[in-house]
Amino acid sequence: MAEHDFDLVVIGGGPGGYVAAIRGAQLGMNVAVVEANHLGGICLNWGCIPTKALLRSAEIFHHMKHAEAFGLSCDNVSFDLKKIVERSRGVAKQLSGGIGHLLNKNKVTVFDGYGKLLSDGKVGVDGKKEILNAKHIIVATGAKARQIPGMESDGKLVWTYREAMTPTDMPKSMIVVGSGAIGIEFASFYRTLGVEVTVIEVMDRILQAEDKEISDHAHKSFEKQGMRIITGAKVAKLDKNKDSVTAHVEMADGETQEITADRIIMAVGIVANTDGIGLENTKVKLDRGHIVTDGYMKTAEKGVYAIGDVTGAPWLAHKASHEGIICVEKIAGLDGVHPMVKENIPGCTYAMPQIASVGLTEEKAIAAGHNIKVGRFPFMGNGKAIALGEPEGMVKTIFDASSGELLGAHMVGAEVTEMIQGYVIGKTMEATEAEFMHTIFPHPTLSEMMHESVLDAYGKVVHF
Amino acid sequence: MPTKILMPALSPTMTEGKLAKWTKNEGDVVQAGDVIAEIETDKATMEVEAVDEGTIAKILITGGSENVAVNTAIAVLLEEGEEGADVDAFLASDTAAPTATPKADEKSSPAPQQAQAINTPQRKTHNGKTSSNGRIFASPLARRMAADKGLNLSQINGSGPHGRVVKSDVETARPQGAPKTSASGPNARELADMLGMAYEVEPVTKMREVIAGRLTESKQTVPHFYLTVECRIDKLMDTRKSVNANANGKYKLSVNDFVIKATAMALQDVPAANASWTDEAIIKYENSDVSVAVATPTGLITPIIKEAEHKGLPSISVEMKELAKKARDGKLMPHEFQGGTCSVSNLGMFGITEFSAIINPPQACIIAVGAGVEKPIVENGQIVVGTTMKATLSCDHRVVDGAVGAQFLQAFQKYIENPILLFV
């Protein structure tokens with residue numbers, strides 16, 4: 001047993017933990033990260049990044065199949081699943097190594113092992129192999145896929161994101177249960193590669209977190225691509241056959257339908273990783289499975305903080321990173337540190353089409369008592385979108401009618417995940433419709449639609 | 001790692017204060033609990049204690065600096081074994097550090113400014129809050145919301161990056177209701193200059209500024225009315241004399257101690273007077289927390305005898321003497337002067353027989369007590385000599401109607417005229 005002293009110990013080296021560690025080191029703290037698996041966490045190894053690599057392959061495959069529309073010829077288009085997965089794993093590995101380098105560069109000590117809170121500001125690594133004495137401890141242990149009793153993943157027929165990300169052979173048909181970002185991204189990936197995909201969603205529409213108009217739009221696009229979507233439906237029972245599964249689906253009308261497919265992906269939410277990390281040795285409180293924190297990520301235990309997925313929704317890497325920075329800067333006593341404004345956290349889904357949004361949906365804006373102005377602009381009215389051959393999609397903006405505050409922005413269509421930050425900057429700086437209108441957007445770009453949508457909200461739209 | 005000592009907030013509403021002086025110097029070793037500096041707010045002077053032990057490596061804000069924002073780093077503390085070099089590295093890594101001082105600089109030399117102002121009478125006083133080039137940093141949304149609400153951006157403290165005024169600052173800013181205290185009509189100084197009158201200039205202290213603001217607000221926004229009652233205090237004087245004679249020097253009750261206790265008891269008898277107005281509801285307090293006006297060299301302050309209805313006269317007397325001393329020394333803690341439910345003001349010691357006071361918001365009542373006066377009194381058709389004392393109640397008519405105010409004074413009179421009731 002060896003003991004070490006640190007100013008800051010971070011349990012978990014995901015996008016919350018490693019960013020917090022680097023910021024702490026920048027501020028002069030002596031920092032350690034305890035990581036049980038891979039630096040970069042789920043995001044980099046089993047989430048955001050490798051799925052983007054997979055989706056890129058699917059996107060290029062899609063373009064190749066439609067090459068003719070662009071005056072190109074490309075016969076016998078096919079794909080090699082093994083190589084697609086290899087590329088995705090390679091990307092994850094490269095970036096994970098990069099995190100190790102960054103931590104090293106910032107003189108952050110990395111302990112490989114399971115971190116566990118002991119009492120009195122101590123963290124044990126793999127039991128008590130190493131004891132880290134810490135003035136401040138950040139819990140950044142993340143979350144894992146929710147398992148439904150009787151439908152647990154078995155790695156063969158019933159998959160979670162992990163198996164879905166590393167298929168060894170291509171199923172012909174597939175059921176995806178859950179239509180949040182994760183479910184939809186996999187549904188889109190497999191559908192684009194030709195798999196018969198059925199999405200089953202318990203709520204009345206897919207992408208429940210998004211504005212209804214946007215999720216309806218995406219729903220139509222997916223159906224047009226041949227995806228089957230069943231909403232308001234629940235998988236009551238799952239039968240495993242020799243090389244397929246049969247889902248007994250309670251439909252919205254009360255009837256039960258049997259749907260058989262080669263594989264089923266369960267994407268029904270996540271649960272926070274709070275077991276086995278020693279919370280019982282602290283006063284840390286949980287609420288519905290997540291660690292309760294204040295605006296500066298403090299828990300009920302003095303000197304113990306929590307950031308990222310383990311603290312609750314939205315379960316997004318960039319939220320975790322930002323919480324890490326707020327937390328560490330507050331610990332260091334920096335001026336001008338403010339709690340995060342949740343309405344300013346963007347969310348992105350990298351399907352085809354992409355979906356991106358920030359702030360309140362139209363429904364929520366009205367429910368919050370705002371008198372609103374809504375602007376819409378379709379991809380069909382944008383020169384660049386037509387030139388790209390991407391005429392499907394829309395940009396929707398919602399303003400408070402009296403103050404001109406941008407309450408929400410919602411987009412569906414090509415490349416919208418790269419554009420949403422324009423609205424996020426505006427929202428963070430508290431821009432009103434006037435600043436968006438006075439901003440000169442470059443022509444020809446997709447971003448011009450962001451301008452036109454604002455103009456439309458105030459009855460000044462030019463190109464539609 | 002070096003730690004920063006931050007400007008503390010001495011009360012929930014404090015946003016800035018004066019760092020009056022350092023009681024420790026750079027290089028001094030301090031223990032947790034040692035007094036290291038004194039902070040002056042609008043109401044009080046308070047001591048800042050070290051939270052950790054260590055060595056004061058660097059003082060960032062010098063003693064005597066005014067308008068130091070809460071949470072500004074004022075010094076850096078080194079732990080045992082840390083070197084001075086760590087401090088520079090620590091401060092260099094902290095990008096926010098350079099912005100910590102400018103506020104203090106702005107007003108740190110009041111003396112030359114004064115002299116100048118007197119020599120050049122036409123000169124307008126400089127508003128310390130606006131930046132030198134007059135630019136106010138505010139988000140577009142904050143600007144629009146401020147304009148809609150009729151708020152002056154320069155009067156709002158910004159919490160955004162580099163002090164930028166943002167939406168939440170405008171939302172929490174008080175409407176211009178907290179009125180500017182400047183006199184209407186011609187400015188007194190301009191007029192005096194014009195007429196060649198001789199005068200001296202005394203800078204307005206934080207405390208004076210607060211008194212001016214709050215009392216102007218009270219008189220302009222609270223609908224006052226006044227009720228007066230005359231109480232016989234012969235029994236009270238006798239009681240006081242005999243109680244004090246038997247106190248063996250442990251305490252010495254004053255007439256005002258009886259007034260405080262009588263007020264507390266009367267508030268319990270007439271709870272409707274122990275209340276505050278809010279736009280949504282009337283708040284009725286359970287306890288009688290009596291604020292007692294105390295004159296200090298720098299101005300008026302009202303320390304509180306909390307739950308005075310439960311306290312005996314001797315303990316009220318002892319507590320009041322301590323609070324008055326602290327008030328005069330400027331050492332009252334915020335909780336000792338914030339949050340009373342009713343006020344007492346007594347000018348009897350100056351021979352004032354009757355006056356009416358301005359309500360101390362958010363309280364609904366203040367009782368103004370005059371001197372005891374020996375005079376002829378008609379009693380059962382006979383003229384006798386007796387001592388009386390007049391008490392005038394100022395009421396906030398939004399909360400307290402005439403009849404309620406009258407009932408309260410009746411109860412007050414009952415206790416004053418039958419002081420034995422104050423001992424049960």
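These legends go with close-up views of a predicted model.

**View 1. Strand β2 of chain A, tucked inside.** Start with β2(A), which covers residues 31–35. Of its 5 residues, 5 are buried, so the strand is largely enclosed by the rest of the structure.

**View 2. The partners of β2(A).** Which strands does β2(A) pair with? One is β1(A), residues 2–11, which pairs with β2(A) in the parallel sense over 4 bridges. Another is β3(A), residues 109–112, also running parallel to β2(A) and joined to it by 4 bridges. Look for A:Val33 here: its bridge partner is A:Val10, and A:Val33 also stands opposite A:Val110 in β3(A).

**View 3. From β1(A) to β2(A) by way of a helix.** To get from β1(A) to β2(A), the chain passes through helix α1(A), residues 17–26. This β-α-β crossover is right-handed.

**View 4. Two helices side by side.** Two packed helices can be described by the angle between their axes and the distance between those axes. For α3(A), residues 48–65, and α6(A), residues 181–192, the angle is about 35° and the axes are 9 Å apart. Their crossing is left-handed. On the α3(A) side, the contact is made by A:Thr51, A:Leu54, A:Leu55, A:Ala58, A:Phe61 and A:His62; α6(A) brings A:Glu185, A:Phe189 and A:Thr192. Sort these contact residues by class and you get 5 nonpolar, 3 polar and 1 charged.

View 5. Now find the 5 strands of chain A that line up in the order β20-β21-β24-β23-β22, with antiparallel pairing. Why is one side of β20(A) and of β22(A) left without a neighbour in the sheet? Both strands stand at the edges and each has a single partner strand, so there is no neighbour on one side.

View 6. Helix α7(A), residues 212–224, lies across β21, β23 and β24 of chain A. With β24(A), residues 406–413, this helix makes an angle of about 5°.

**View 7. Where chain A touches chain B.** The contact takes 18 residues from chain A and 19 residues from chain B. On the side of chain A, they come out as 6 nonpolar, 7 polar and 5 charged.

Notes. Residues numbered from 1 in each chain as written. Chains lettered and ligands numbered in written order. Predicted model: local features only at pLDDT ≥ 70, side-chain atom pairs only at ≥ 80, totals over all residues. Axes fitted to C-alpha atoms, helices over the stretch in contact; angles between N-to-C directions. Helix = DSSP H or I, 4+ residues; strand = E, 2+ residues; numbered from the N terminus. Left-handed = near helix turned anticlockwise from the far one by under 90°. Contact = placed C-beta atoms within 7 Å. Nonpolar A, V, L, I, M, F, W, Y, C, P; charged D, E, K, R; others polar. Pairing = 2+ DSSP bridges. Buried ≥ 20, exposed ≤ 12 C-beta atoms within 10 Å, placed from the backbone. Right-handed = clockwise from strand over helix to strand, strands pointing away.
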